[in-house]
Amino acid sequence: MVEISADAVVVGGGLGGVAAALALLRAGRTVILTEEYDWLGGQLTSQAVPPDEHTWVERFGVTASYRALRDGIRRYYRDHYPLTERARAWQELNPGAGHVSRLCHEPRVAVAVIEAMLAPYRGAGRLRVLQPYRPVEAQVDGDRVSAVRLAHRDGGQDVTAYAAYVLDATETGELLPLAGAEYVT
């Protein structure tokens with residue numbers, strides 16, 4: 001059993017988990033971010049679901065980090081894909097030209113942008129990303145989760161991650177039953 005620690009453990013690497021990790025990192029904390037699947041980004045990447053937002057998403061109503069993600073996806077296409085001049089000049093580029101979202105794109109592009117957003121913190125040693133790991137046990141001290149045991153999807157060694165703060169950012173609240181918390185679905 002490998003034991004590691006940080007200021008915070010964020011279990012779940014979907015958009016919410018990535019946003020939480022970025023907020024903690026920007027506040028000067030060290031973070032362990034775990035994800036069960038091969039890609040960070042949850043629905044936007046592993047599930048290939050384009051973002052579905054309100055009508056005014058390009059004008060207001062999003063965080064600076066989410067704006068950076070959206071802008072980064074568009075920039076990635078402009079930097080790495082052959083686009084027509086019209087598409088390249090389109091400020092609110094919708095690469096997939098879909099109608100379900102104002103930003104339809106390939107999941108792998110979102111993965112690349114998310115990884116780039118996290119890269120400075122990985123490089124500085126303040127972020128450790130564990131993939132593909134899923135939570136299998138929570139160590140609880142009273143009403144506080146102090147550690148999470150994580151199992152490798154493909155049979156690798158289990159890891160126990162300790163932190164002063166443990167955040168459940170899984171898509172389905174997987175830490176709730178592991179921690180013995182009362183919850184309703």
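The model described here is predicted, so local features need pLDDT of at least 70 and side-chain atom pairs count only at pLDDT 80 or more, while totals for chains, interfaces and linings use all residues. Residues are numbered from 1 along each chain as its sequence is written, and side-chain values use heavy atoms, with hydrogens and water left out.

Helices (H or I, at least four residues) and strands (E, at least two) are DSSP runs, numbered from the N terminus. Contact means heavy atoms within 4.5 Å. The contacts in the table do not count residues up to four places away in sequence.

| Residue | Place | Relative accessible area | Contacts |

Gly14 and Thr34 are 20 residues apart along the chain, and their C-alpha atoms are separated by 9.6 Å.

**The sheet**

Six strands form an open sheet in the order β3-β2-β1-β6-β5-β4, with mixed pairing. Strands β3 (127-130) and β4 (133-141) stand at the edges with a single partner strand each, so one side of each has no neighbour in the sheet. On average, neighbouring strands are turned by 40° against each other, direction ignored. Two strands count as paired if DSSP finds at least two bridges between them. Strand β1 (residues 2-11) pairs with strand β2 (residues 31-34) in the parallel sense over four bridges, and Val9 stands opposite Ile32 in β2. Helix α1 (residues 15-26) packs on this sheet and touches β1, β2, β3 and β6 (159-168). The direction of α1 makes about 170° with that of β2.

**The helix pair**

Axes are lines fitted to C-alpha atoms, for helices over the stretch in contact, and angles run from 0 to 180 degrees between N-to-C directions. The axes of helix α2 (residues 64-80) and helix α4 (residues 107-123) come within 9 Å and cross at roughly 125°. Helix α2 is therefore oblique to α4, the term for angles left over once those under 35 degrees (roughly parallel), over 145 (roughly antiparallel) and 65 to 115 (roughly perpendicular) are set aside. Among the residues making the contact are Leu69 and Ile73 of α2 and Val113 and Met117 of α4.
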